[in-house]
Amino acid sequence: RCDTDPAMAQPSRDSSADLGLPSVPSMSSPSSSSSWIPSSWRAKLPDKPLLIAGAAGGPLVIFLCTPLRNGLTLGSQDRKSGIRLLYRKVFRGGFHAGWTGGAAPSVIACPQFLALGPVYHFLNGRLQDLSGVSSVSGHSLGVSALASLGAALCETTMTFGSQSRNAQMAYNNSMVNFASVVDGSRRKVPVSRVYDFWGPGASAMLVRNFLSVMSVRTFSPWLRDRCRTEQLGANTRAILCDMSASLVTSTVTAPVHQLFNFLATTPEARTVSRLERWHMARRFLREQYFVPLPQEEIIMNVDLSK
């Protein structure tokens, strides 16, 4: 995601009068072609290097990481295979098969990386104005959390179709087309369209995105305000707080992400009711992440009527 400090969004320029040259209309003047953009949005736009990084670097990274995403997708449907076997299944059909479905998320990654930072800052600023919270009074957890929720909702509706499509194509290729099971028990999952903005697994994706955005936008600044020390510079402290907040939050977002993969690649999730889908989600999390202790198994088998 690409964003910048509003105070740094306007690069300084030497005026024409100071250089003794005739005045030339500025590119940021109201008469320029960008005058249709509201000033509150222009202040939140990233600098040109960040724009280039988001427009080119973001999609490239998303595409290169496609085999990693596909391995997680297969793991949501295969609890028995280890990491080595899962990634062998990712490349079923040849080396190129590891990047199955990676094109759609890579294309959507361009607006995803460019827009979400400005969207958060815009919502955060507006919510601060509505709540009467001054930006100089400190970091407001409640306002930042609401702005994070708005940015997460924007990200979810923007990327749901492409990420679902990626997961479904990877599942169909590795677990159906090249499956070692030939009894017909595995069926292909209908592939989502890129412009689909909601469906099975969207709620889990929203929770995942909300926690991910909030970790950096809400928790990390809160940690920075309480970890002021002369031994660490401002940049070092910001990096350490970002990493700490992200690592702690990932313990929750990882199972939620796997729940999204499971629902997106389960054919029955499209046809059952919301209540049945909720039961499917609970059963998946319980069976995927919890193992009954032997004592519990014994107790469950005891006839309490005796």
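This report describes the fold, the confidence and selected helix contacts of a predicted model.

## Overall fold

The protein chain contains ten helices and zero strands. Followed along the sequence, its elements give the pattern α-α-α-α-α-α-α-α-α-α.

The chain has 306 residues, of which 38% count as buried. Among the contacts with a separation of 6 or more, 76% are accounted for by residues 24 or more positions apart.

## Confidence of the model

The mean pLDDT of the protein chain is 80, and 77% of its residues reach 70 or more.

Over residues 1-34, pLDDT stays under 50. For this stretch the model has 44 contacts beyond four places in sequence.

## Packing of α2 and α5

Two packed helices are described by the angle between their axes and the distance between the axes. For helix α2 (residues 48-64) and helix α5 (residues 103-131), the angle is about 155 degrees and the axes are 8 Å apart. Angles over 145 degrees count as roughly antiparallel, and α2 is therefore roughly antiparallel to α5. The crossing in which α2 passes α5 is right-handed.

On the α2 side, the contact is made by Leu-50, Leu-51, Gly-54, Ala-55, Gly-58, Pro-59, Ile-62 and Phe-63. Helix α5 contributes Ala-103, Pro-105, Ser-106, Ala-109, Cys-110, Phe-113 and Leu-114. By class, the residues of this contact comprise twelve nonpolar, three polar and no charged.

## Packing of α7 and α8

Helix α7 (residues 202-226) packs with helix α8 (residues 234-264) at an angle of about 165 degrees, and their axes are 8 Å apart. This angle makes α7 roughly antiparallel to α8. The two helices cross in a right-handed manner. Their contact has 14 nonpolar, seven polar and four charged residues.

Asp-242 is found in helix α8. Leaving aside residues up to four places away in sequence, Asp-242 touches Val-216, Ser-220 and Arg-224. Asp-242 and Pro-221 are 21 residues apart in sequence, and their C-alpha atoms are 8.3 Å apart in space.

## Packing of α8 and α9

Helix α8 also packs with helix α9 (residues 274-289): their axes come within 10 Å and cross at roughly 125 degrees. That angle makes α8 oblique to α9. The crossing in which α8 passes α9 is right-handed.

The residues of α8 in this contact are Ala-254, Pro-255, Gln-258, Leu-259, Phe-262 and Leu-263. Those of α9 are Arg-277, Met-280, Ala-281, Phe-284, Leu-285 and Tyr-289. Divided by class, the contact of α8 with α9 has ten nonpolar residues, one polar and one charged.

## Leu-153 in helix α6

Leu-153 lies in helix α6 (residues 141-177). This leucine counts as partly exposed, at 41% relative accessibility. Leu-153 and Leu-206 are 53 residues apart in sequence, whereas the distance between them in space is 6.2 Å, C-alpha to C-alpha.

Terms used:
Residues numbered from 1 in each chain as written. Predicted model: local features only at pLDDT ≥ 70, side-chain atom pairs only at ≥ 80, totals over all residues. Heavy atoms only, no water. Axes fitted to C-alpha atoms, helices over the stretch in contact; angles between N-to-C directions. Helix = DSSP H or I, 4+ residues; strand = E, 2+ residues; numbered from the N terminus. Parallel < 35°, antiparallel > 145°, perpendicular 65-115°, else oblique. Left-handed = near helix turned anticlockwise from the far one by under 90°. Contact = heavy atoms within 4.5 Å. Nonpolar A, V, L, I, M, F, W, Y, C, P; charged D, E, K, R; others polar. pLDDT = per-residue confidence, 0-100. Buried < 20%, exposed > 50% of the residue type's maximum accessible area, 1.4 Å probe, protein only.
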